[in-house]
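Subject: Structure handover

Hello,

Here is the structure I promised to pass on. Please open it first, then read my notes below.

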Amino acid sequence: MDKFLKTIKYLWPVVLMLISACSIQPTPEQLNATPPAVSISTPTTQPSATPPDLEVIASDLQIPWEIVFLPDGDMLITERIGQLIRMESPSGERIVHVVEGVQPVGEGGLLGLALHPDFENNALIYLYLTTRSTSGLVNQVVQYRLQDDRLSNRTVILDGILASSNHDGGRMAFGPDGMLYITTGDAEQPDLAQDTRSLNGKILRINPDGSIPPDNPFGNAVYSYGHRNPQGLAWDAAGRLWSTEHGPSGLQSGFDELNLIIKGVNYGWPLIRGEQTRSGMQVQLIQSGASDTWAPAELA
Ligand SMILES: [Ca+2]
């Protein structure tokens, strides 16, 4: 854990520096060319032993996975065990909603959360959760109305994402185009990441009602593919989408990635990792190497 915290402490300045300093804009046509030139300096000194100023604003949470702020300043928190908590500001009082059907198995459970861009008028929220279907564990995107301290109007808007005890993805965010982006893991079936008909090992994009945007590259929800377990989604000031991704663990634990996401592009998993290259596949911008892990989660 100490190593993880130290790693995170020096990773974020690198990520922030990269996003602010990088001015590249690769297109699919450039994919077979030399990887984009991005200057990144790897910290060589140990981080300071002095912790930053921190204030604990909530405790006694059970595996909190996502935080989103409501327009009135209240905080919504998902707990992976299947609870959605509204923490009121500034009192800190909590309203706990038990989300029906959640199966917290392994890394699955109640994961990502996003507010509709017009939440103030329609009170719609989106949850990414693991549940049990007749065919086994699946991940779904479920839309609810959150109004008067009640969750109502449950609607499954995206189904059929295979779930597993590991590699469930689960981040969701609305893009500047008003569409919902979703990360999915390979559900421990790496080959699915290369199959553009499968929703696993992907970054997905759907309309707020769950329909497929007409300009999606493969006629389904898939936006980019060849991902292992992407966990972070963020757009920079230029409107470019970035994503963090967990590399393989085990004997060789590492190859975590930061990627610049482009529609229709193949990010290589499981066929390339680290600095390996292959025709038609995009290499990440930075990666953690074969023996270290950043365990990168959310990205801002
Ligand atoms: Ca990759």
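**Strand E15 and its partners**

Strand E14 (residues 241-245) and strand E15 run antiparallel and are joined by five bridges. Strands here (E, at least two residues) and helices (H or I, at least four) are DSSP runs, numbered from the N terminus. Strands count as paired if DSSP finds at least two bridges between them. Leu241 has Ile261 of E15 as its bridge partner. E15 also pairs with strand E16 (residues 286-287), again in the antiparallel sense, over two bridges. There, Leu258 stands opposite Ile286 of E16.

Is E15 enclosed or open? Five of the five residues of E15 (residues 257-261) are buried, so this strand is largely enclosed by the rest of the structure. A buried residue has 20 or more other C-beta atoms within 10 Å of its own; an exposed one has 12 or fewer, and a partly exposed one falls in between, with C-beta atoms placed from the backbone. Both faces of E15 are covered. Glu257, Asn259 and Ile261 lie on one side, and Leu258 and Leu260 on the other.

**What you are looking at**

This is a predicted model: local features need pLDDT of at least 70, side-chain atom pairs count only at pLDDT 80 or more, and totals for chains, interfaces and linings use all residues. Residues are numbered from 1 along each chain as its sequence is written.

pLDDT is the predictor's confidence in each residue, from 0 to 100. The protein chain averages 87, and 82% of the residues score at least 70. Over residues 1-45, pLDDT stays under 50. The model has 34 contacts beyond four places in sequence for that stretch. Where pLDDT is low, the predicted coordinates should not be read in detail.

The protein chain has two helices and 16 strands. Buried residues make up 35% of its 300 residues. Two residues are in contact if their C-beta atoms, placed from the backbone, lie within 7 Å. Take the contacts between residues at least 6 apart in sequence: 50% of them join residues at least 24 apart.

Met75 has Met87 of E3 as its bridge partner.

E6 and strand E7 (residues 136-147) pair in the antiparallel sense over ten bridges. A hairpin of two residues joins E6 to E7. Leu124 stands opposite Arg145 in E7.

E7 pairs in the antiparallel sense with strand E8 (residues 150-162) as well, over eight bridges. Leu146 has Leu151 of E8 as its bridge partner. E7 and E8 form a hairpin too, with two residues between them. Asp148 in that turn has a positive phi of about 50°.

**The core**

Which residues touch the most other members of the largest nonpolar core? Of its 49 residues, they are Leu110, Tyr126, Leu127, Leu129, Met172, Tyr181 and Leu204. Strand E6 (residues 124-133) gives the largest share of this core, six residues. A nonpolar core is a set of buried Ala, Val, Leu, Ile, Met, Phe, Trp, Tyr and Cys residues joined through C-beta atoms within 7 Å.

Leaving out residues up to four places away in sequence, Leu110 touches, among others, Trp65, Leu84, Val99, Leu127 and Leu129.

**Two residues to look at**

Leu113 is in strand E5 (residues 110-115). Leu113 is buried, with 22 other C-beta atoms within 10 Å. Leu113 and Glu66 are 47 residues apart in sequence and 6.3 Å apart in space, C-alpha to C-alpha.

Asn166 lies in the loop between E8 and strand E9 (172-174). With 16 C-beta neighbours inside 10 Å, Asn166 counts as partly exposed. Beyond four places in sequence, Asn166 is in contact with Gly106, Glu107 and Glu188.

Best wishes
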